[in-house]
Amino acid sequence: MSAQKKRNFQIEAFKHRVVVDPKYAEKTWKILEHAIHEIYNHNASGLSFEELYRNAYNMVLHKFGEKLYSGLVSTMTSHLKEIANSIETAQGGLFLEELNRKWAEHNKALQMIRDILMYMDRTFIPSTHKTPVHELGLNLWRDHIIHSIKIHKRLQETLLELVQHERTGEVINRGLMRNVTKMLMDLGSSVYQEDFEKPFLDVSSDFYRLESQQFIECCDCGDYLKKAEKRLNEEIERVSHYLDTKSEPKLTNVVEKEMIESHMHRLVHMENSGLVNMIVNDKYEDLGRMYNLFRRVSTGLLLIRDVMTSHIREIGKQLVTDPERLKDPVDFVQRLLDEKDKHDKIISSAFNNDKTFQNALNSSFEYFINLNPRSPEFISLFVDDKLRKGLKGVTEEDVEIVLDKVMMLFRYLQEKDVFEKYYKQHLAKRLLSGKTVSDDAERSLIVKLKTECGYQFTSKLEGMFTDMKTSQDTMQGFHAAVGAEIAEGPSLTVQVLTTGSWPTQSVNTCNLPSEILGVCDKFKTYYLGTHTGRRLSWQTNMGTADLKATFGKGQKHELNVSTYQMCILMLFNNADRLSYKEIEQATEIPASDLKRCLQSLACVKGKNVLRKEPMSKDIAEDDAFYFNDKFSSKFYKVKIGTVVAQKESEPEKQETRQRVEEDRKPQIEAAIVRIMKSRRVLDHNNVVAEVTKQLQSRFLPNPVVIKKRIESLIEREFLERDKTDRKLYRYLA
């Protein structure tokens, strides 16, 4: 088959020209113009929209789009001028209603006109970059109605006047307001902002400036804050009812600036009602209101925090430096805990648990607790009081709460090692006297201390509990071995304490009565026989004894006394009268302890098993003592405690401080060696800074002491000074 020839088809235009009636455009426009008039005159029901659409379509198709568009502009403009006249003539309250009604009619007419001219909107307008029909209608409304000389100013004043009426408590037509402001928004954000929002914000600023000044002069802080909160909520509500949502931050900012920021310093410091007064009187609602309002302004919370911090520091300083308060350590610590609880509740209830406020509270407590050098001792005494008797009959949960509070105060201490010293002394006394109210509570606190400070901090405390358990087993073995031999004599219970774990002091053993001495020797022989390489030394200053005593008329009592008191009382088995000197010579009890023991035996009402001549509260070296035949008590068992200062005396305080300083020296040296070993070469200031950083969890080392320890290490050739720079240290391997 032969290939067919390709044929090119071509469509050519009609040979004759399509002639359009020269008056076609004019006739068609007249029809469309009449329709627009009818729409504006509410006579649209008789119009054929299909026919009108075809007419507009043909005009654009026959290149009369420009005539159609310009005709539309002039027709709509003439109608809007008539509408403007109608609105201008509206009187009083009818003004806004007329404007709103005409706006609704204009929108409805605009919708119909856009439907008729849809083809022009889609083709002619984009190609000629003209404004679309709907937007054109809005622009013409803006220019001829809103920006009309007679309407513009009147509209603005009417709207602002209505807001003013509402602010002073009158009821306004919110629906009408919403429609008018919505109209301004529809005309473009710039129209709403320029023609209404800006003047509205200016008027609001003036209104609240004046009102806040009136309020601050006649109200106290709490009432003022209530009014400010009420106004703020009103403005937020106003926005939701008839303003643009974007106006809310601008409007609230005006209220915040005029009602809060301008007066916040005066409010906080207001006499008898300001922040401090609210804190003192636990006004949680007012404090919460102040927090929520002040957080809205940039430096509001900072101001509250600073005033609160200075208040807490001031009352804390008064508390820890008041000599009257320092007389009772337990009450002192309880007051600290009460203050902490009070401010914790304020922060949780009123300040939304704000971390910055919690940190400020913690730093304040740390500041003033460490102003009193005896805080570690007092906190330990508080624990001692609670674990001896204060927690009897209290649930485990409540015990934990008390211990957690103690740990919170412990964290604030800079000298944690001083607390450890005292705590160890007090724990030893509790364990040895069997006074602890709960072993579980004791161990719980040790676990908390261990978590806080590490194993080193509590290893010796745990060793004390181990010794108590081991001692029980030892006594069982002792009674099993020699029980028959000592059955007739006094019964003995011994606690064997490891020297390193317990805060024992090297005191001379007093002269024990011969009856006791025999049993003690038997125990010593048994113990050293079962344990090799150990040495026992009796701590007679730490023991207790139960004595059976017979007084006048055959009255019998059992006396619970200390070992020292037992030694004194046993002397009266062979004598009715003994002088102070004779007792001292016979017992060899240290003078300070002897005086306290005699004081508790002879001078305490209801416990005076001895008589003293001359009668006085204090013990003198020329006093004489007699067995008190006339002693009587309604109890068979009588506990005679030793008169002892709950707090340490000045010499004891000095001694404890000295022991603490001695214990710190090796810790400081160890830290210096650790640092120098890793750094090899370091200047003096950096060594001090590093040592302080390493040890601050236990105590704050004194730079002078650090310098002395460095000198000591140089002498012992752990370190050396640099040959050229004397402030530089080198580590010697």
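This is a predicted model: local features need pLDDT of at least 70, side-chain atom pairs count only at pLDDT 80 or more; totals for chains, interfaces and linings use all residues.

Trainee: How many residues apart are arginine 596 and aspartate 593 in their helix?

Mentor: Three, in helix α26 (residues 591-602), so about one helical turn separates them. Arginine 596 has a relative accessible area of 27%, so it counts as partly exposed.

Trainee: What about arginine 289, which residue does that one meet in a salt bridge?

Mentor: Glutamate 285, with 3.0 Å from N to O. Arginine 289 and glutamate 285 are four residues apart in helix α14 (residues 284-294), so again the separation is about one helical turn.

Trainee: And is arginine 289 buried or exposed?

Mentor: Buried, because its relative accessibility is 9% and the cut-off for buried is under 20%. Glutamate 285, on the other hand, is exposed at 58%.

Trainee: Where does arginine 101 come in?

Mentor: Arginine 101 forms a salt bridge with glutamate 105, and their closest N and O atoms are 3.2 Å apart. That pair sits in helix α4 (residues 94-116), four residues apart, which means about one helical turn between them. Arginine 101 is partly exposed at 41% relative accessibility, and glutamate 105 is partly exposed too, at 24%.

Trainee: How many salt bridges are there in the whole structure?

Mentor: A search finds 52. Some link up into a network that takes in Glu166, Arg167, Arg174, Glu235, Glu237 and Arg238.

Trainee: Okay, switching topic. What's the volume of the second largest pocket?

Mentor: About 1,400 Å³. Its lining has 43 residues, and Leu492, Thr493, Val494, Gln495 and Trp538 lie nearest the centre.

Trainee: Which element gives the largest share of that lining?

Mentor: α23, with six residues. The elements that give two or more residues are α22 (455-482), α23 (514-530), β1 (544-550) and α24 (563-571).

Trainee: And what's the lining like by class?

Mentor: There are 19 nonpolar, 19 polar and five charged residues.

Trainee: Last one. Which residues form that nonpolar patch on the surface?

Mentor: Tyr53, Tyr57 and Leu61, with about 240 Å² of accessible area together. Leucine 61 belongs to helix α2 (residues 49-61). At 39% relative accessibility, leucine 61 counts as partly exposed, because that class runs between the 20% cut-off for buried and the 50% one for exposed.

Methods: Residues are numbered from 1 along each chain as its sequence is written. Side-chain values use heavy atoms; hydrogens and water are left out. On a 1 Å grid over the protein atoms alone, a cavity is a set of points where a 1.4 Å probe fits but cannot get out, and a pocket is an open set with protein on both sides within 12 Å along at least five of seven lines; lining residues have an atom within 4 Å of a point. Grid points are joined across faces, edges and corners, and a volume is the space filled by probe spheres set on the points. Ala, Val, Leu, Ile, Met, Phe, Trp, Tyr, Cys and Pro count as nonpolar, Asp, Glu, Lys and Arg as charged, and the others, Gly among them, as polar. Patches are made of residues with over 30% relative accessible area and no salt bridge: like charges are joined within 9 Å, nonpolar side chains (Val, Leu, Ile, Met, Phe, Trp, Tyr) within 5 Å. Accessible areas come from the Shrake-Rupley method with a 1.4 Å probe; for residues, only the protein chains shown count as cover. A salt bridge is a side-chain nitrogen of Lys or Arg within 4 Å of a carboxyl oxygen of Asp or Glu. Buried means under 20% relative accessible area, exposed over 50%, partly exposed in between (1.4 Å probe, protein chains only).
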